[in-house]
Amino acid sequence: TAMVDYLAGNYDLALAGFQEFVTKYPNDPRAAEGQLYRGEAFFNQKKFDQAVIEYDTFLQKYPENDKTRTALYKKGLALAEQNQKQPALVALDKVIKDFPNTSEATNAQAKARELRGPVKR
């Protein structure tokens with residue numbers, strides 16, 4: 001139900017549904033996905049501070065998950081949206097270093113270049 005709400009853009013309902021699922025079934029394989037989608041819902045609402053908290057929770061609870069690179073990349077984007085340039089670059093550079101040859105690394109490189117601005121000669 002939470003995913004249906006998320007896809008329909010009903011982010012507040014989705015957030016409640018994902019929280020309920022993660023709380024009731026913390027060991028379910030889909031709990032990690034529920035946690036990640038909490039971050040995504042806040043990100044889509046432009047509540048970037050809350051998104052960072054949810055991405056951090058995901059990264060702490062599920063460091064070996066195959067969506068770790070997505071959470072780290074989106075954390076970098078959320079930090080950039082808050083004008084937190086240095087922490088954003090730390091997150092983006094970690095994606096580039098730890099997950100090379102992924103779409104997230106390619107996107108992180110582009111965002112990091114944008115944040116760093118033009119190279120001065």
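What covers the buried residues of α3? The cover includes α1 (2-7), α2 (11-24), α4 and α5. Contact here means heavy atoms within 4.5 Å. Helices are DSSP runs (H or I, at least four residues), numbered from the N terminus.

This is a predicted model, in which local features need pLDDT of at least 70, side-chain atom pairs count only at pLDDT 80 or more, and totals for chains, interfaces and linings use all residues. Residues are numbered from 1 along each chain as its sequence is written, and side-chain values use heavy atoms, with hydrogens and water left out.

Start with α3 itself, residues 31-44. Its 14 residues should span 20 Å at 1.5 Å a residue, and its end C-alpha atoms are 20 Å apart, so the two agree. The expected span is 1.5 Å times one less than the number of residues. Of the 14 residues in α3, 11 are buried. Buried means under 20% relative accessible area (1.4 Å probe, protein chains only). Among them are L36, F42 and F43, but also R38 and E40. Just after α3, K46 takes a positive phi of about 65°.

Now turn to α4 (residues 48-61) and α5 (residues 68-81). Their axes come within 9 Å and cross at roughly 155°. Axes are lines fitted to C-alpha atoms over the stretch in contact, with angles from 0 to 180 degrees between N-to-C directions. That makes α4 roughly antiparallel to α5, a term for angles over 145 degrees. On the α4 side, the contact includes F48, V52 and Y55. On the α5 side, it includes L72, K75 and L79. The contact residues divide into 10 nonpolar, one polar and four charged. Ala, Val, Leu, Ile, Met, Phe, Trp, Tyr, Cys and Pro count as nonpolar, Asp, Glu, Lys and Arg as charged, and the others, Gly among them, as polar.

Note on methods. Helices (H or I, at least four residues) and strands (E, at least two) are DSSP runs, numbered from the N terminus. Angles under 35 degrees count as roughly parallel, over 145 as roughly antiparallel, 65 to 115 as roughly perpendicular and the rest as oblique. Buried means under 20% relative accessible area, exposed over 50%, partly exposed in between (1.4 Å probe, protein chains only).
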